[in-house]
Amino acid sequence: MRQGLEARCASHAQATAVATCARCGGFLCGECLEVEDAAPYCEPCLAWRRRNERASGLAWAVMVLGCLAALTVLLLVPVAGYFFFGGNAGWNREAGFQLIVLLTLLLGAVSAPALVLGLWEGWRIRQRKSPRGGQRFVRLGTKLGGAGLALFVCEALYAVYVAWAVMSVSLD
Ligand SMILES: [Zn+2]
Ligand SMILES: [Zn+2]
């Protein structure tokens, strides 16, 4: 068995194999050899690998939740700004306050799962249990989720403070 010297390419019978595919183990000549992440692959296996490296559904979900958190903040900031600095003229403060509470709850509802699922999926990607194609989505979604959750905590404390302030005013 002098296999190492005599191995021929699986596709080109005349060509000497220079490597074996990291996935299927097929012999590859220099022409058939594809290299990715310092590993040799045949063309079908490389195509399979790239398909498989697409972002998982969970990675997509993390990014969508993170973007929703960012969108909620974009709505929340002007509403809260107007509530605190916009004065009273032509402005239903009670409705404004309810809108802030609603947006704050929405922020918590999207940012907490974005952060938790993002950390979970990020760990799975590092463990090679999930395709690395989702890495960028997971990073973005986790950051937005983390920032959103931090703001949610601040907003929740603020909401409690405002509720207390509104009740004090109505007692006067
Ligand atoms: Zn292969
Ligand atoms: Zn070949």
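A residue is here called buried if 20 or more other C-beta atoms, placed from the backbone, lie within 10 Å of its own, exposed if 12 or fewer do so, and partly exposed in between. The structure is a predicted model, in which local features need pLDDT of at least 70 and side-chain atom pairs count only at pLDDT 80 or more, whereas totals for chains, interfaces and linings use all residues. Residues are numbered from 1 along each chain as its sequence is written, and chains are lettered from A and ligands numbered from 1 in the order in which they are written.

Pro 40 lies in strand β4, residues 39–41, where helices (H or I, at least four residues) and strands (E, at least two) are DSSP runs numbered from the N terminus. Because 19 C-beta neighbours fall inside 10 Å, Pro 40 counts as partly exposed. When neighbours within four places in sequence are left aside, Pro 40 is in contact with Ala 19, Thr 20, Cys 21, Ala 22, Leu 28, Leu 33 and Val 35, contact being defined by C-beta atoms, placed from the backbone, that lie within 7 Å. Pro 40 and Leu 157, by contrast, are 117 residues apart along the chain, and their C-alpha atoms are separated by 55 Å. Trp 48 lies in helix α2, residues 43–52, and is partly exposed, with 14 other C-beta atoms within 10 Å. The C-alpha atoms of Trp 48 and Cys 32, which are 16 residues apart along the chain, are separated by 15 Å.

Two packed helices are described by the angle between their axes and the distance between the axes. Helix α3 (residues 57–85) and helix α4 (residues 93–126) pack at an angle of about 155°, with their axes 8 Å apart; the axes are lines fitted to C-alpha atoms, for helices over the stretch in contact, and angles run from 0 to 180 degrees between N-to-C directions. That angle makes α3 roughly antiparallel to α4, a description applied to angles over 145 degrees, with those under 35 counted as roughly parallel, 65 to 115 as roughly perpendicular and the rest as oblique. By class, the contact of α3 with α4 has 24 nonpolar, six polar and one charged residues, where Ala, Val, Leu, Ile, Met, Phe, Trp, Tyr, Cys and Pro count as nonpolar, Asp, Glu, Lys and Arg as charged, and the others, Gly among them, as polar.

A nonpolar core is taken as a set of buried Ala, Val, Leu, Ile, Met, Phe, Trp, Tyr and Cys residues joined through C-beta atoms within 7 Å. Of the 24 residues in the largest such core, Val 62, Leu 65, Ala 69 and Ala 114 touch the most other members. Helices α3, α4 and α5 (135–171) each supply at least two residues of this core, and α3 gives the most, with 10 residues. A second, separate core of 10 residues includes Cys 9, Ala 19, Phe 27 and Leu 28. Beyond four places in sequence, Val 62 is in contact with residues including Ala 114, Leu 117, Phe 137 and Val 138. Leu 140, placed in helix α5, is partly exposed, with 18 other C-beta atoms within 10 Å, and touches Met 63 and Gly 66 when residues up to four places away in sequence are not counted. The C-alpha atoms of Leu 140 and Ala 114, 26 residues apart along the chain, are separated by 9.7 Å.

Arg 126 is found in helix α4 and is exposed, with 11 other C-beta atoms within 10 Å. Arg 128 is found in the loop between α4 and α5 and counts as exposed, with 8 C-beta neighbours inside 10 Å. Most residues other than glycine have a negative phi, whereas phi of Arg 128 is near 65°, a positive value.

Conventions:
Contact = placed C-beta atoms within 7 Å.
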